[in-house]
Amino acid sequence: MNYEPRIIAFLCTWCSYTGADTAGIARIKSPANIRAIRVPCSGRVSPELVMRAFDQGADGVLVLGCHIGECHYDTGNHRAAKRLPILHALMQFAGLEPERFHLDWVSASEGERFSRIATEFTEAVRALGPVAWRIAPGGWQAAAESLLPPEKEVPMPALDCAGKTDAIRAKAKELLTSREVGCVIGYEVGPRGRTRPAFAYSAEEADRLVWNPDVSNNLASYLPVKLKPKGKEPPKKVAVVVKSCDSRAVNVLLAENQFTRDQVHVIGVTCEGVRDGSGSLQVRCQTCSERIPVVYDTLIGEPPAAVQAGAVARADWLEKLPPRERMEFWLSQFDRCIRCYACRQACPMCNCPICLYERDDSIWVGMGIGLNEKRTFHLGRAYHLAGRCVGCNECERACPMDIPISLLNQKLAGEIEKTFGHRAGLIIAPSPIVTVLSGEYKEG
Amino acid sequence: MSKSNSARKRWLISQAELETWLDGLAQARTLIAPRQVSGIMLYRPVARSDEIAWHGQTPKSAHAGRPVLSVKEIFFPPTERLFTIQKTRQEIRLEETFPDWETVVFGIRPCDARGVKLLDALFLDTNPVDSFYARRRWNTTLIGLACKELGPTCFCTSVGGAPDNAHDMDIMLYETDGGYLAEAVTEKGRYLIPGGKWKETTASPQQSTYSGQFPVPEKGKWPEHFNDEYWLKISERCLSCRACAYVCPTCRCFAVRDEMLAPGQFERIRCWDACAGENYRRVAGGHKPRAEKGERLRNRFFCKFYYYPEQYGLGAASACTGCGRCIEVCPAGVDITEVLMALEKPA
C-alpha cells in the first residue's frame, strides 16, 4: 500500500518553525508528509483552525510551540496548552482517533527533536490509514442504527407549586409597583396548557406568573438582549425568575460582562427538578447537585431534600464505543440536524451578536446544511461552551430533531472540571480556558 | 362533494394487500414513507413496507401519523447543489445535474399535500419554473392517508383543510374496518393501482370526526394589524431560531451561495433560510430592515396569511395548512392559533 498521510503542522515562528529550519540545516531527515504552516505563536492556533484542517481532509494535525516558560509572548503557549487538549478530548469523543492530533514543544535549537516528533507522529498516523473525518457529498450512509440506552424514568417529586406561585406573584407585584424593576421575566401557562416564558410589566400582568413542574426554559437567555442599552436611556432593571441551573447562567453572564449585578433582581426559586414530555424528571435534573440558586436577591421556597444523583448512562455507553463506531453514532445524529439553530438560540451562553458559524464571510464552515457543516457547527459550539455551559440542557430540549447535543457539553464540562476544578457559574468567573494563567483574572 | 369526487374509482384492500403493493412499488421506484429514525419520525426512503412507521407516536410528535419535518424536504431539500463551476485558465464551465428518480411518497397527510400544492404556486406555476423542484414534483406520486381525527396541535379545518381531504393527493387511502379504502384521485395515481387485483367498491369513505374550528382573519384584514403593538408583545419570548420555518410545509425561503470545493472548482448551492434569523434581509452596508424580533415574527404570520396569498394568487386561501408543527417545536411556546384568535378578536 502506498498511502502517504497528509499532515498539517502549525509551527510557532519563534521556536518550532526555526527548529524545523535547524533540522534542515543540520540535514536531519524529516518526513515529507508535513505541510508546515507558520503561525506567530502556538496560542494563535484556534480550535477552529484545527477543525478546519480535518474538515478539509488532513489525516493528522500537529501543533508545535515554544517550551512552557519560553513563549515570546509570555503566555501564548499556556493558552495552547489549556485549550487544545480540550479540543482533543472533544474530537476524540466525536470519533477521531486520538493519535491524529498532537501538541508538543520544540525550541529553535532542537532540530533533532523536531525531526523525531514529526517522524513519530507521521508513522502513527500512517498506521491508522486515511482519515474518515471528511465526508464527501452523499458519501455517508446510515449503517445499523446505534441507539443510546434509554433514559431512566424517575417520577417527579411532589411540589409545593401553589406556595411558590403566590410568592413569585407577590414579589413581582412589589418590584413592579415600587418601580424598582421595569419588567419581571417568569413563567406563565399558555393557551394550550403549555408553560412558557412570560414578561410582566405591571402588577396585573404579574398575576399570570406561575411555578409548576414544567418551568423548563432558562430565562437567563433573555437577559443580555433585555439589558442591552438602546438609545440614550439606560435599560430599566429587570427581575428574573431562576432555577438553580439558570442562576449559574446568570453568574457566567455576569463574569462575561453582559450586564452588571445591579441591573438584575434575581428571584431564585429552590428547585426539585422539572419534568420532560413523558412526565419523568428530566435527565439533567436526575444528576443536578444544586437545588438552591447560587445567586439571588430573593429566595423562594425551602431547600428541598437531597436528591439521589443519577448515573450518566448515556455518556458512559458512548465513551466505551470504539472511535469508528462513535463517529458513526455522531454522524447519524448530526445527519438529522436541519441547522435551525434552535439549540444556539435557546442557550443563554450563545449570545455572540453574529455566530461564527453563521457569518456570511465565514471561513470556518460553509452555509450548506450538509453533514460536514453540521458537525463543524455542533462541535464548534460545544467547544465555545467549554467551561461556560451550566448544563441546563435547553439546547437539547429545543432541538426539534431530538439530537442529544448535551452529551457534547457534558463531556467538556467533565474535562474542564477534571483539569481545572472549575464548574461553570458557581462563582462569578469566566471559563478557565479563555483566561491565561490562574489568578490572572480579577473581578471588576 | 363535487361530481368528480363521487366519480372517483375506489377499491377495498386489506393491510396485507397494501403492504404487498408497497413492497412492489419500492422495488421499481424510490418509496418514501414515515419512518422511525433514532426515536423521531421522518419521511425517509424505505426498502420494504415493514420499515414504515404506521403509528409512531414520539415525544416530539404528538400527532400519531405525522413526521416531525414536513414532506417539503423531499421536493425542496435543505441543501441543493444548483451547478458546479470549473474554472481553468481558458474557460469557465458550468455543469448542472438534475434529480431524476421516480418516487412514490406514501403516508402523506392532507395538510402536507396541501403544503406541496402551495409550494407549486411559487416553484411551478410562476415563471421561471424551478427546474429542480419541477423534476422532483413531476416524477413523484403522492399516496395520502386520511387522519381519523385531529392531533392536539392540528387546526387544518380552520384554514380550509380537512383531515380526510383527498384534493391534493394522487391516491388517497382511508382506514376502514379490516383494511383501507383506496381512491384514485388523479390519472397519475390511477396508473399505479393494480387494476384487476383489487376489489372495486362503490362505498364512500367514512368522514373523519373533528370539531373546534376557529375563525381566521381574512386576507383583507391583515394590513390594518401591521402596526399593532401586539407583535412586539408576543415576540418577546421568541428566541429567533428557525425551527418553526424549517418544519413548516410551506416556508420556502432559501439563500444561494458559491462555495469552493477545490482550487478552481466551486459549487453553487441553495439552502433553507428563514425570516426569523437576525441576518435575514440584511442589505449592503449592514442595514437590517427587520432588526427587531417582533418585526421578524410579524413577517412570518403576514407571509402566511397575506404576502404569499397576495403574491401568488391563492385567492382567499392562506399559505398555512394547519399542521400545527410550529406549535409543537417552538421551544418558547409561541402559538400560531393564539395569534390568529387574538387578531380576530375585536380590539
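Guide: In chain B, eight strands make up an open sheet with mixed pairing, in the order β3-β2-β6-β7-β8-β9-β1-β10. Strands here are DSSP runs of E with at least two residues, helices are runs of H or I with at least four residues, and both are numbered from the N terminus. Two strands pair if DSSP finds at least two bridges between them. At the edges stand β3 (40-46) and β10 (199-201) of chain B; each has a single partner strand, so one side of each is left without a neighbour in the sheet. From one strand to the next, the twist averages 30°.

Before going on, please note that this is a predicted model, in which local features need pLDDT of at least 70 and side-chain atom pairs count only at pLDDT 80 or more, while totals for chains, interfaces and linings use all residues. Residues are numbered from 1 along each chain as its sequence is written, and chains are lettered from A and ligands numbered from 1 in the order in which they are written.

Helix α2 (residues 15-28) of chain B lies across β1 (10-13), β2 (30-37), β3, β6 (103-108) and β9 of chain B, and runs at about 115° to β2(B). Such angles run from 0 to 180 degrees between N-to-C directions, with axes fitted as lines to C-alpha atoms, for helices over the stretch in contact. Two residues are in contact if their C-beta atoms, placed from the backbone, lie within 7 Å.

Chain B also has an open sheet of four strands, in the order β5-β4-β12-β11, with antiparallel pairing. Its edges are β5 (92-95) and β11 (254-262) of chain B, each with a single partner strand, so one side of each is left without a neighbour in the sheet. Neighbouring strands of this sheet are turned by 25° against each other on average, direction ignored. Strands β4 (residues 79-87) and β12 (residues 265-272) of chain B pair in the antiparallel sense over seven bridges, and B:Thr84 has B:Glu267 in β12(B) as its bridge partner.

As for confidence, the mean pLDDT (the predictor's confidence in each residue, from 0 to 100) of chain B is 90, and 95% of its residues reach 70 or more.
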